[in-house]
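My notes follow in the order I made them.

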Amino acid sequence: FSTGIERSASDILSEQNQKSKEGNKDVIETLDHIKGIGQETKDAFESGDLDRFGELLDVHWQIKKNLSNKISNKFIDDCYKAAMSNGAMGGKIMGAGGGGFFMFYCSENQKRLISAMKEKSLKPMKFRFDFEGAKILVNMKR
């Protein structure tokens with residue numbers, strides 16, 4: 001889902017990079033934890049354990065928000081809470097955070113989730129996995 005919030009990831013990433021260079025123990029431990037979650041997520045996805053994949057998206061998102069107060073905000077938190085209350089097993093903002101695109105995993109009642117996100121003014125987007133990060137190939141306003 002597109003949040004409709006366009007932002008530059010560089011502010012968030014430069015803050016993380018600076019804290020890492022300064023040896024900030026909390027940031028380094030959080031990034032290490034996120035790396036481990038990433039490997040677990042990959043393993044769950046590749047083995048077809050999609051429910052575990054969804055659960056790990058939630059774990060990742062909860063931990064990622066500790067890296068910077070710019071990763072989330074009240075609107076993003078409200079959207080996430082609505083998604084979880086309407087069938088999502090987990091999700092996260094793609095990329096550095098602060099806006100852009102939400103990805104959720106929902107094993108059942110996808111229509112309920114889509115409806116709830118539309119009520120929050122999020123736009124459903126078709127997607128596919130690739131190795132270049134989030135990008136809009138075609139953005140046709142309807």
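**Entry 1: helix α3.** I noted at the outset that this is a predicted model. I started with α3, which covers residues 50-64 and has 15 residues. From its first C-alpha to its last I get 21 Å, close to the 21 Å expected at 1.5 Å a residue. Next I looked up burial. The buried residues of α3 are Phe53, Gly54, Leu56, Leu57, Asp58, His60, Trp61, Ile63 and Lys64.

**Entry 2: the strands.** I turned to β1 and β2, which run antiparallel and are joined by four bridges. I checked one partner: glycine 90 is bridged to tyrosine 105 in β2. Then I looked at the faces of β2, and both are covered. Phe102 and Phe104 are on one side, Met103 and Tyr105 on the other, and all are buried.

**Entry 3: the core.** How many residues does the largest nonpolar core have? I read 28. Phe102, Phe104, Leu113 and Met117 have the most contacts inside this core. At least two core residues come from each of α2, α3, α4, β2 and α5 (110-119). In general, nonpolar side chains tend to be buried together in soluble globular proteins.

**Entry 4: phenylalanine 104.** I listed its contacts, leaving aside neighbours within four places in sequence. Phenylalanine 104 touches Phe1, Tyr80, Ala83, Ala88, Gly90, Gly91, Leu113 and Met117. Two of these names, Leu113 and Met117, I had already written down among the core residues with the most contacts.

**Entry 5: aromatic rings.** I looked up the aromatic pairs and found eight in the structure. One of them joins tyrosine 80 and phenylalanine 104; this pair is tilted, 5.9 Å centre to centre with 45° between the planes. Why does this pair tie together parts that are 24 residues apart in sequence? Tyrosine 80 lies in helix α4 and phenylalanine 104 in strand β2, so the pair links the two. Tyrosine 80 is buried, at a relative accessible area of 6%. Phenylalanine 104 is buried too, at 14%. I then checked phenylalanine 102 with phenylalanine 104: this pair is stacked, 4.8 Å centre to centre with 25° between the planes. Last, I noted that Phe1, Trp61, Tyr80, Phe102 and Phe104 form one aromatic cluster.

How values were computed:
Residues numbered from 1 in each chain as written. Predicted model: local features only at pLDDT ≥ 70, side-chain atom pairs only at ≥ 80, totals over all residues. Heavy atoms only, no water. Expected span 1.5 Å × (residues − 1). Buried < 20%, exposed > 50% of the residue type's maximum accessible area, 1.4 Å probe, protein only. Pairing = 2+ DSSP bridges. Core = buried A, V, L, I, M, F, W, Y, C linked by side-chain atoms within 4.5 Å. Contact = heavy atoms within 4.5 Å. Phe/Tyr/Trp six-rings, centres within 6.5 Å; stacked < 30°, edge-to-face > 60°.
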